[in-house]
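Below are some notes for a colleague who has not seen this structure before. Please read them with the model open.

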Amino acid sequence: MADIKEDIGHAQQQHLNLTVEAPKMEEKEEEREQMKTKRVASLDIFRGLTVALMILVDDAGGEWPMIGHAPWNGCNLADFVMPFFLFIVGMAIALAFKRIPDRLKAISKVILRTLKLLFWGLLLQGGFSHAPDKLTYGVDMKMIRWCGILQRIALAYLVVALIEILTRNAQAKRLSPGRFSIFKLYFWHWVAGACVLIVYLATLYGTHVPDWQFTVQITDSADFGKKLTVACNVRGKLDPPCNAVGYVDREVLGINHMYPHPAWQRSKACTKNSPHEGPFQSDAPPWCYAPFEPEGILSSVSAILSTIIGVHFGHVLVHMKDHSTRLRHWIVPGLALLILGIILHFTNAIPLNKQLYTFSYVCVTSGAAALAFSIFYILVDILNLRYMFLPLEWIGMNAMLVYVMAAEGIFAGFINGWYYDNPHNTLIYWIQKHIFINVWHSRKVGILLYVIFAEILFWGIVAGLLHRFRIYWKL
C-alpha cells in the first residue's frame, strides 16, 4: 500500500511519477551521513509482506473467509493489514525526519505527499475505477466514496509527521541515561497520542445515536429503493447499527458517500451463509442493507495511534545502536500491547473491532506488528538471511506500484480489457481455470495458489526487475 519510506540508504524520497534514481550528494557532510547508515532491509521486507497480505486477503478472501475481514468483532488475517501499514508509516517517519535542515521545506513536503495520497485514494477507491471485473470507469459525484485506505494513511501521516517536525527543537540530540529516556525525549508524541485516545473514547461512548433512515441501494435486493428505519436512540453502544463511528460518518460524510458493501453483511444476523457472502435472511434486520464506512472519520482518528506507536519504534532504531537494546525496546512493549489488547477483548471491556478501530484492536495489531518486525530484524539484519525474503523486499521497495497494479486490480483490469468473444474469456480467467482450478480440482485451492504465484510472486519478480534498474514509484 502507500510507500512512505525512510530517507536512508540508496533509495531516496522522490516525486510520484516513475523515475530512474540517480542519487547525487552535493555536500560532503551529507555524503558521510549517508555512508554511515544502511537501509533497514527488514522494514522493506515487512512492508512487502503487508502488501502481499493485502493482495492475498482481497483476492482469495472470498473463497477463504477465515482470512478475510471479520464481519464485526474479532480479528482475522485481513484485519492486520491496515494497522501494519500505519505502523510502518510511523517507523518511516522517524527515519525520514531524523535530520531536518529546513523545517518549512519539510512541512511542505509532508503536505504535498498528503495531497498525493488523497488524490490516489479518491481515484482508486472513490468509485471512479471499476477494475478489475468491470471494463468501465466513472463515478456519480452524488455517490462518491470520500474515505479509503490511502485517505486514512494520509491523515495519520500528516498528523504524526507534523508532530515529528514541529517538536524537533524540544528534543535533545542524544538520549539521557535511564530506562524510559526515549519516552521522555519524545514526550509530546505521547501527549498527542493521549489526546487522540481521549477524543476517540469520549466520542465513541459519549455520543447519543438517534434513530436513522436510509434508502436501500442494493440493486439485486427485493427492497431496492425502499426507505428503511434503524431504531437506536442509545449512547455508548458498539453494535453494528448504533455505534457512534457510523453516526459521525452519516452526519459528516452523508450515507450515500459511505462504503456500500461492509463486512457486517457476512454476519450471522444478515446471511445464512455466514461467514461467506450470500443472500440475506428473510428476517434480516434493516441495518444489514445499509452502508458503513470502515475507514471513516472517527475510526481514522483512532488509527493515528497505530502510527504514533510505529514512530516510537522508529525512534528506537535511530537512537539505539546495538541489536540487543533495540530488540528489548521492541519486544517488551510489543508483548505488553498484545497482552493488554487480548485482556480488554476477552474481559468484554473493549472488543477487538477493525470497523470501529477500538483501543483493544490498536493494542493487539500494534503489538503484533512490533513482534513481526522484530522477527524480520533478527532474521535479516542480524542473521543475514536476507536472500530468503528478496521478493518481499523488492515489493516493499516499490510498494505503491504493486499496491495500485495488484491490490487495486489496475493491471488485471487492463488485461481483462483484451477479451475474446465475451468479457469473461480473458487471459486471466483462462489461467485461473486451466492452470490452477482444473489442475487441483478445487476452486478454493486453485484461487489461493493463483493469488500466491500469479499475483504475489509475479509482482515480486517485476518489482525485482525494476529495482535492478533503480526504477521506483514513490510519493
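1. Arg145 has 9% relative accessibility and therefore counts as buried (buried is under 20% relative accessible area, exposed over 50%, partly exposed in between, with a 1.4 Å probe and protein chains only). The model is predicted: local features need pLDDT of at least 70, side-chain atom pairs count only at pLDDT 80 or more, and totals for chains, interfaces and linings use all residues. Residues are numbered from 1 along each chain as its sequence is written, and side-chain values use heavy atoms, with hydrogens and water left out.

2. Arg145 and Glu295 form a salt bridge, at 2.8 Å from N to O (a side-chain nitrogen of Lys or Arg within 4 Å of a carboxyl oxygen of Asp or Glu). Arg145 is in the loop between H4 and H5 and Glu295 in the loop between H8 and H9, so this pair ties together parts 150 residues apart in sequence. Helices are DSSP runs (H or I, at least four residues), numbered from the N terminus. Glu295 is buried, at 6% relative accessibility.

3. Which residue forms a salt bridge with Arg145, the closest N and O atoms being 2.7 Å apart? That residue is Glu293. Glu293 is in the loop between helix H8 (244-252) and H9, 148 residues apart from Arg145. With 0% relative accessibility, Glu293 is buried.

4. Glu295 also has a salt bridge to Lys354, with 2.8 Å between the closest N and O atoms. Lys354 is in the loop between helix H10 (323-346) and helix H11 (359-382), and the two partners are 59 residues apart. Lys354 is buried too, at 4% relative accessibility. Through shared partners, Arg145, Glu293, Glu295 and Lys354 are joined into one network. The count of salt bridges comes to six.

5. The whole structure has one cavity of 30 Å³ or more (on a 1 Å grid over the protein atoms alone, a set of points where a 1.4 Å probe fits but cannot get out; lining residues have an atom within 4 Å of a point). The largest cavity holds about 30 Å³ of space. Its lining includes His189, Trp190 and His312. H9 gives the most to this lining, with four residues.

6. Ile452, Phe453, Leu457, Ile461 and Leu465 make a nonpolar surface patch of about 440 Å² (residues with over 30% relative accessible area and no salt bridge, nonpolar side chains being joined within 5 Å). Phe453 lies in helix H16 (residues 443-468) and is partly exposed, at 46% relative accessibility.

How values were computed. Patch = residues over 30% accessible without salt bridge, like charges linked within 9 Å, V, L, I, M, F, W, Y side chains within 5 Å. Areas by Shrake-Rupley, 256 points an atom, 1.4 Å probe, with all protein chains shown as cover. Helix = DSSP H or I, 4+ residues; strand = E, 2+ residues; numbered from the N terminus. 1 Å grid on protein atoms, 1.4 Å probe; cavity = no way out; pocket = protein on both sides within 12 Å on 5 of 7 lines; lining within 4 Å. Points joined across faces, edges and corners; volume = space filled by probe spheres on them.
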